[in-house]
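Hi,

Here is the structure I promised to pass on. Have a look at it first, and my notes follow below.

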Amino acid sequence: MRVLLLGSTGRVGARLLPALLAHGHTVVVYMRNADRLPKEYLRRGTTVVEGCATNTAAIKSAILRNECGAVVNTAGRASILGTNRNFADIFTAVTSAAVEVQQERRSPLRCWLLSGWPILDNPKTGLPLLTYLRTHSTHRINYDRIRHISTSQAAWSLFCASNMLPRTASINIAPKPGIAMHSLESVADQPPQWTDSLFHLPLIGPHLNVAAQIQSYFSPLEDCMDFIAEDLKEGLNSQWIGQRVGVKAKEEWDVGPWSWMNSLSDGTTWGGAVWKGVGNER
Ligand SMILES: NC(=O)c1ccc[n+]([C@@H]2O[C@H](COP(=O)([O-])OP(=O)(O)OC[C@H]3O[C@@H](n4cnc5c(N)ncnc54)[C@H](OP(=O)(O)O)[C@@H]3O)[C@@H](O)[C@H]2O)c1
């Protein structure tokens with residue numbers, strides 16, 4: 001499938017790009033500065049469109065001109081506290097472009113949109129996890145927008161991982177496809193492997209239940225990207241259309257006591273990773 005990818009310079013998008021190629025997709029990257037794309041990707045047939053991710057008309061044009069059958073948004077990022085307006089504007093622009101593409105083509109565009117765990121429902125109460133731990137509120141704003149868009153207008157799925165940590169510091173330009181199948185558990189609209197621990201404590205129990213578990217909610221970043229790339233092959237037959245998709249590593253993953261801090265640190269060269277290796281020059 002031809003896929004328009006937004007956010008390919010980011011932590012998530014930089015790992016999604018090689019995963020898409022490994023699964024046989026043709027990728028059009030939409031980015032603010034085309035010079036930032038490692039040259040290796042151009043040699044592998046990746047097309048670049050320069051533009052801002054808040055520009056609906058430019059995104060729509062990139063999809064139509066390049067005959068993309070899908071869009072994946074990894075651009076923007078939800079702040080832990082407060083609202084990130086840029087991310088909400090990006091989400092609105094991408095979803096508006098998708099709906100406008102449908103109006104032109106008379107067929108919905110497949111859309112994977114990066115979201116987060118707070119909009120998943122607590123399996124015990126049915127209320128969003130955000131009710132108990134008020135973080136990453138931009139994901140809620142984005143979900144409130146997308147749930148009013150029918151899947152006949154845009155064939156959307158929201159990817160709702162908690163903390164995605166890379167398995168390797170450097171980005172593998174030719175990852176092995178199929179890793180997600182073995183390592184990730186995925187559930188529609190709820191977090192997988194959720195337990196009722198601490199829930200029964202009076203008053204603060206439901207809040208502690210979320211706070212205690214979310215700290216151990218890790219997924220390997222490469223495996224998450226493999227999941228999306230694999231699912232895109234299903235096109236409009238994907239089982240995840242119209243759903244929030246919760247994921248978690250099947251096995252306990254020893255990431256060390258403070259490894260979640262890694263996701264907050266920066267030092268970005270490309271996607272928060274060390275960019276190295278033969279033929280990987282930028
Ligand atoms: N990382 C995690 O563990 C994690 C966990 C759960 C959910 N998520 C979600 O995954 C998504 C991606 O996160 P991330 O960690 O990859 O974020 P990130 O490293 O901060 O990357 C953000 C990307 O967005 C691009 N961008 C921002 N504003 C833009 C604009 N106006 N026009 C074009 N591009 C723009 C940036 O491009 P430039 O290089 O041009 O700035 C960059 O490529 C977010 O929705 C985040 O909330 C991440």
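The protein has eight helices and 10 strands, where helices (H or I, at least four residues) and strands (E, at least two) are DSSP runs numbered from the N terminus. Please keep in mind that this is a predicted model, in which local features need pLDDT of at least 70, side-chain atom pairs count only at pLDDT 80 or more, and totals for chains, interfaces and linings use all residues. Residue numbers start from 1 along each chain as its sequence is written.

Now to strand S4 (residues 70–73). Both of its faces are covered, with Ala-70 and Val-72 buried on one side and Val-71 and Asn-73 buried on the other. S4 runs parallel to strand S1 (residues 2–6), joined by four bridges; strands pair if DSSP finds at least two bridges between them. In this pairing, Leu-6 stands opposite Asn-73. Four bridges also join S4 to strand S5 (residues 110–114), again in parallel, and there Val-72 faces Trp-112. From S4 the chain crosses through H4 to S5 in a right-handed β-α-β crossover (clockwise from the first strand over the helix to the second, with the strands pointing away from the viewer).

Helix H3 (residues 56–65) is worth a look too. Its buried residues include Ile-59, Lys-60, Ala-62 and Ile-63. Seen down the axis, the buried residues of H3 fall within an arc of 160°, so they line one face of the helix; the arc is taken from the directions from the helix axis to the C-beta atoms. They pack against S1, strand S2 (26–31), strand S3 (47–50), S4 and H4. Exposed Ala-57 and Arg-65 sit on the face turned away from that buried side. Just after H3, Glu-67 has a positive phi of about 50°.

Finally, the ligand. It is surrounded by 24 residues, the closest being Thr-9, Gly-10, Val-12, Ala-53 and Leu-114; a residue is near if its C-beta atom, placed from the backbone, lies within 6 Å. Helix H4 (85–105) and strand S7 (163–165) are the elements giving two or more residues to this shell.

Best wishes

How values were computed:
A residue is buried if 20 or more other C-beta atoms lie within 10 Å of its own, exposed if 12 or fewer, and partly exposed in between; C-beta atoms are placed from the backbone. Two residues are in contact if their C-beta atoms, placed from the backbone, lie within 7 Å.
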